[in-house]
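Let's take a walk through this fold together. Have the viewer open and follow along one region at a time.

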Amino acid sequence: MRRPTEHSLTLSPRAPGVTLQQWLYAALCEAMRDGTLQPGSRLPTTRSLARDHGVSRSTVTAVFEQLLADGYISARVGRGSFVAPGLARQAAEPAPRRPAPEAFLSRRGRQLVDEGAGVLSRHGPLPRTFEADRIDTSLFPAAVWARLAARRARWYEGQVMAEPQWQGLSALRQTLADQLALSRGLRCDAGQIVIVSGTRQATDLLARLLVNPGEPVWLEDPGSHALQAVLAAAGAQVVPVPADDEGLAVDAGLRVAPRARLACVTAGAQMPLGQPMSTARRQALLAWAQASGAYVLDKDLAGDLHFDGSGGDALKAADTGDCVIHLGSLAFSMAPCKRLAYVVLPHRLVDPFCKALTLTQGQPSLLEQAVLNDFMADGHWARHVRQLRAVYGFRADVLRHHLDRHFGRWLEMPPVQRGLNMTVRLPAATRDADIAARAAAAGVSVTPLSAYALQHAAPPGLRLGFAAFSEVSIRDGVMQLARAVG
């Protein structure tokens, strides 16, 4: 049986003209009435109260006897005194509080806070059906990871006082280099890879490292408002460049900002449209970057989760001018809490990036890096990713089947080749934000493509996450969506 907790009390100073016994009785009564001392909780002993507050033990005993007589406490022989279980809480009305003054933030800081609040609101613990960018964490082999972590614990004891490895654990960097060559056609050496704590961390640092304040940066439109905020906070002039099912329109970027220092793309699966960048657009983008001395940041967040039988080459695989920065994340294939990411840098950027990293960011956990290396080297990673592809691919097919059954040709559904989400197109005259609002009222979360528009109008459509949801949830969610739209 759990013993009640004994409290150590801090009491307010005694007012002038009030006897010690009156003061102690009133202070203890108030603590019990306002809930500081909860019903059933154990009071400090008479000895400790006397010692802590500089009164005689006989005074404390007299107060306890009065409290007992008035029904505030109960006494148990050999165990002490306790707040009466049935004592009603009589909390006084709180005094009006003046609102705390709002913290001063720069314009860029306020933009970061606003975008960060949006990210937090979209990533609660219990996702609603079709919430985008969600993964099924139950599929991750947590027991295997824990066993590998326990095995590595003794090794880690010897690393605690070692010098930081700012570029990341060398064994993990080599494992990643081997994996990228096999799965993404990206041949690099371990010396080009830097392990970081997350993709936004790396993006922020790269923007500050490569772009002077006010210099233009291309950003896909529709695209990420959070990425737009990160780039703007770094001082860049963000230039939204139209993107379609072939990817970023390079010719449009050349018209509006030919001297951009950086282009941010999602070549593997354009976010949010979902389709890979075409070969012609890739060639045009690389030709522009090489000719102008600019860099291309390619965010490959879910490249391992492909369902068409081949992973497809990464943009950097065709990078003969060494101008592409490949940014990969492991969060979408493992667990959101494992924020390890990696950057494959052009050779000339490795040293500047690592030096800047030492001043601006912390070193990712060496233990996490070591466990991840073991997880990949021992074959657990490959098995886990194969399972994810099978499960997520099946769920994408289930979603397509039920959407086709309930909506037919009203929805245009491009094939889902990779990732966690399906993007469907609506008829041209449809207001996708209205559809999303009606779906939300019915308990279903779908994101309108208009929500990703930065400057140019996005085609009407919806983005539906499927990876985190069971077959039954997907079926029921489509039925709710149909009734809401209906």
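Predicted model: local features only at pLDDT ≥ 70, side-chain atom pairs only at ≥ 80, totals over all residues.

Start with the eight-stranded sheet. It is open, and its strands come in the order E3-E10-E9-E8-E7-E4-E5-E6, with mixed pairing. The edges are E3 (193-196) and E6 (247-248), each of which pairs on one side only. Strands of a sheet pair through backbone hydrogen bonds, and they can do so either parallel or antiparallel. For a parallel example, look at E7 (residues 262-265) and E8 (residues 295-300), which pair over four bridges. Within that pair, Ala263 sits opposite Val296 of E8.

Helices pack on this sheet too. H10 (residues 279-292) touches E4 (216-221), E5 (237-244), E6, E7, E8 and E9 (324-329), and its direction makes about 155° with that of E7. H11 (residues 347-360) touches E3, E8, E9 and E10 (341-344), and here the angle with the direction of E3 is about 25°.

Now zoom in on E10. On one side, E3 joins it antiparallel through four bridges, with Ile193 opposite Val344. E9 also pairs with E10 in the antiparallel sense, again over four bridges, and there His326 stands opposite Val344. So which way do the residues of E10 point, and are they buried or exposed? Ala341 and Val343 point one way, Tyr342 and Val344 point the other way, and all are buried.

Next, find the other sheet. Three strands make it up, in the order E11-E13-E12; the sheet is open and the pairing antiparallel. E11 (421-425) and E12 (447-448) are its edge strands, each pairing on one side only. E12 and E13 (residues 461-465) run antiparallel and are joined by two bridges, and Pro448 stands opposite Leu462 of E13.

In soluble globular proteins, nonpolar side chains tend to be buried together. The largest nonpolar core in this model has 34 residues, and the members that touch the most others are Tyr392, Leu399, Leu403 and Phe466. At least two residues of this core come from each of H13 (380-407), E11, H14 (432-441), E13 and H15 (471-485). The biggest contributor is H13, which gives seven residues.

His402 counts as buried because its relative accessibility is 8%, which falls under the 20% cut-off. Leaving out residues up to four places away in sequence, His402 touches Arg475 and Val478.

Two or more lining residues come from each of H6 (170-184) and E9, and H6 has the largest share, with five.

Finally, the backbone has some spots worth checking. Where are the cis peptide bonds? One runs from Asp221 to Pro222, with omega near 10°, and Pro222 lies in the loop between E4 and H8 (225-233). Another runs from Met271 to Pro272, with omega near 20°; Pro272 is in the loop between E7 and H10.

Look for positive phi values as well. Asp133 has one of about 65° although it is not a glycine, and it lies in the loop between H4 (107-122) and H5 (142-157). With a relative accessibility of 26%, Asp133 counts as partly exposed. Asp322, in the loop between E8 and E9, also has a positive phi, near 55°. Asp322 is buried, with a relative accessible area of 18%.

Conventions
Residues numbered from 1 in each chain as written. Heavy atoms only, no water. Pairing = 2+ DSSP bridges. Core = buried A, V, L, I, M, F, W, Y, C linked by side-chain atoms within 4.5 Å. Buried < 20%, exposed > 50% of the residue type's maximum accessible area, 1.4 Å probe, protein only. Contact = heavy atoms within 4.5 Å. Axes fitted to C-alpha atoms, helices over the stretch in contact; angles between N-to-C directions.
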